[in-house]
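Open the model in your viewer and switch to a cartoon view.

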Amino acid sequence: MIGLYILCLILMCFMVEFMFIRMHFKKAGYNHGQKRDVMIVLGYPANKDGSMSPILRERINKAAELYHAGIAEVVICSGASVANNHVEADVMALALAKLEVDGRQIIRETKARSTYENLVKSREIMHERGLKNAVIVTSPWHLRKSSSYAFRLGIDHTLENSKVPKEFIMGIGIIYVYVYIQMLMIYLRFYKGK
């Protein structure tokens, strides 16, 4: 019986946190086939052997699909080597080229070590090249966080989510809880009172 009370308390805490995050982290709408100047594909660590991790694979598959649908001709692959020696942007660019995305249209942003930096560096590239609007491609649980950063940085953007990797279907709830706790900590650390 006590276990049931604890479970209910945990669920109530998560619901309060969920509503709080939705209020304080603004999210753009989905792209729905609109043409955009550029596509920003947010990085995720590759496997230790340099192959694509399941999360990165799904982001790249979505980016290639959008590219071939004519949504954006220019693709920014953003991500440094964070978890190992493999630069995320390089792994993504190579994978996109294998999926017949024109290598001349792929921009490798290799310095960003976090979601916020991904978007700061991508915004710099957009300004340098006169690109006005973007579609951000990332995982479903990562949309709100990345979009809220893009809003704070003044990036005109829409969103596209990749598929949930089949390897993560069973743990998707845990991923959302982790990301939402992370966002709450970000809010408490940086945005409280602003």
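A residue counts as buried when its relative accessible area is under 20%. Keep that cut-off for a later stop. Note too that this model is predicted.

Stop 1: Five of them make an open sheet, in the order 3-2-1-4-5, with parallel pairing. Now pick out strand 3 (106-109) and strand 5 (156-161). Each has a single partner strand, so one side of each lacks a neighbour in the sheet. Look along the sheet for its twist, which averages 25° from one strand to the next.

**Stop 2: inside the sheet.** Select residues 38-42, which are strand 1, and residues 133-138, which are strand 4. These two strands run parallel and are joined by four bridges. Zoom in on Val41: opposite it, in strand 4, stands Val137.

**Stop 3: two helices.** Show helix 2, residues 54-68. It lies across strand 1, strand 2 (74-78), strand 4 and strand 5. Its direction is at about 170° to strand 1. Next, show helix 3, residues 88-98. Helix 3 lies across strand 1, strand 2 and strand 3, at about 145° to strand 2.

**Stop 4: the aromatic pair.** The structure holds one such pair. Select Tyr116 and Tyr149 and show their side chains. The ring centres are 5.3 Å apart and the planes stand at 85°, so the pair is edge-to-face. Tyr116 sits in helix 4 (residues 115-129) and Tyr149 in helix 5 (residues 143-152), so the pair ties together parts 33 residues apart in sequence.

Is Tyr149 buried or exposed? Its relative accessibility is 6%, so Tyr149 counts as buried. Tyr116, at 36%, counts as partly exposed.

Note on methods
Residues numbered from 1 in each chain as written. Predicted model: local features only at pLDDT ≥ 70, side-chain atom pairs only at ≥ 80, totals over all residues. Heavy atoms only, no water. Pairing = 2+ DSSP bridges. Axes fitted to C-alpha atoms, helices over the stretch in contact; angles between N-to-C directions. Contact = heavy atoms within 4.5 Å. Phe/Tyr/Trp six-rings, centres within 6.5 Å; stacked < 30°, edge-to-face > 60°. Buried < 20%, exposed > 50% of the residue type's maximum accessible area, 1.4 Å probe, protein only.
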